[in-house]
Amino acid sequence: LRHYATDRFACSVLAGKWMYGSSPCLVMHNSISVEAYRFDRAVRRQIRAELQAEKEKIILHVGRLVPVKNHKWMLQLAETMKEDRVKFYFAGDGELRSLLEEEVREKGLQERVVFLGQRSDIGGLMAAADVLLLPSQFEGFPVTLVEAQCSGLPCIASASVTEEVNLGLVEFLSFDLCRWRERILGLFCSDCAREQAYRQVEQAGYSAGKGAQVMLQYYHDRLG
């Protein structure tokens, strides 16, 4: 493909290098609907009430329940935070669900870890949350982190995640349980002006409208 393509596109610089080597390509961001993830304080109150977490801090993870997402490590983290006033919410489903639910029972974490299954209101969950975790063993370009930053939600990701995704609200850490706990509790105290966070996503070119403009301009220039 890299030898015969006339036009090359990639969702990130890293993906472009992997696919095309040194050949030039146009980076087309994986765009999101900004309005779907823009922070809404009323939605935050509503979802937190539904989750029965008005007093606890919400630690959110969004992703399939598969080994690469590292949920078992997150359960170890939840165990270290048993005495902290926090709840872990996993939005998503997958092959590991029954095993993870069993481990939660074995560790006595039923009051600390909640499996939400597939959800259609991820933007609302992000508004309700206080921090998002992505301790994946490997990721391509995780759009979830763009969506979270659109909601002004502080994020902590593993060092395996590309730093291209950082628009100002992502920290990257190695797999050190004590360090993750420390940073999570530190982020709870941060004030990151969530109502205006969507502007950074728009300016960085991740809005669906901006993506469409870039593609249309490319075709216009290419076809004359």
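**Group meeting: a walk through the sheet and its helices**

Hi everyone, let's start with the sheet: six strands make an open sheet, ordered β5-β4-β3-β6-β7-β8, and their pairing is parallel. Please keep in mind that this is a predicted model. Which strands stand at the edges? They are β5, residues 113-117, and β8, residues 170-173; each has a single partner strand, so one side of each is left without a neighbour in the sheet. From one strand to the next, the twist averages 25 degrees.

As for S160, it is twelve residues from F172 in sequence, and the C-alpha to C-alpha distance is 8.3 Å.

On to the helices, and to α4 with its two partners. Helix α4 covers residues 71-80 and helix α5 covers residues 97-107; they pack at an angle of about 20 degrees, with axes 11 Å apart. Angles under 35 degrees count as roughly parallel, and α4 and α5 are therefore roughly parallel to each other. The crossing of α4 past α5 is right-handed. On the α4 side the contact is made by H71, K72, L75 and E79, and on the α5 side by L100, E103, V104 and K107. Sorted by class, that contact has three nonpolar residues, one polar and four charged.

What about α4 and helix α8, residues 177-187? Here the axes come within 10 Å and cross at roughly 65 degrees, and the two helices are therefore roughly perpendicular to each other. Again, α4 passes α8 in a right-handed crossing. From α4 we have W73, Q76, L77 and T80, meeting L177, W180, R181 and I184 of α8. This contact divides into five nonpolar residues, two polar and one charged.

Last stop, the aromatics. How many aromatic pairs are there? The count comes to six. To describe such a pair, we give the distance of the ring centres and the angle of the planes. My pick is F9 with Y218, an edge-to-face pair at 5.0 Å centre to centre, with 70 degrees between the planes. This pair links distant parts of the chain: F9 belongs to strand β1, residues 9-10, while Y218 belongs to helix α10, residues 208-223, and the two are 209 residues apart.

Note on methods
Residues are numbered from 1 along each chain as its sequence is written. This is a predicted model: local features need pLDDT of at least 70, side-chain atom pairs count only at pLDDT 80 or more; totals for chains, interfaces and linings use all residues. Side-chain values use heavy atoms; hydrogens and water are left out. Axes are lines fitted to C-alpha atoms, for helices over the stretch in contact, and angles run from 0 to 180 degrees between N-to-C directions. Helices (H or I, at least four residues) and strands (E, at least two) are DSSP runs, numbered from the N terminus. Angles under 35 degrees count as roughly parallel, over 145 as roughly antiparallel, 65 to 115 as roughly perpendicular and the rest as oblique. A crossing is left-handed if the near helix is turned anticlockwise from the far one by less than a right angle, and right-handed if clockwise. Contact means heavy atoms within 4.5 Å. Ala, Val, Leu, Ile, Met, Phe, Trp, Tyr, Cys and Pro count as nonpolar, Asp, Glu, Lys and Arg as charged, and the others, Gly among them, as polar. Two strands pair if DSSP finds at least two bridges between them. Rings of Phe, Tyr and Trp (its six-membered ring) pair if their centres lie within 6.5 Å; planes under 30 degrees apart count as stacked, over 60 as edge-to-face and the rest as tilted.
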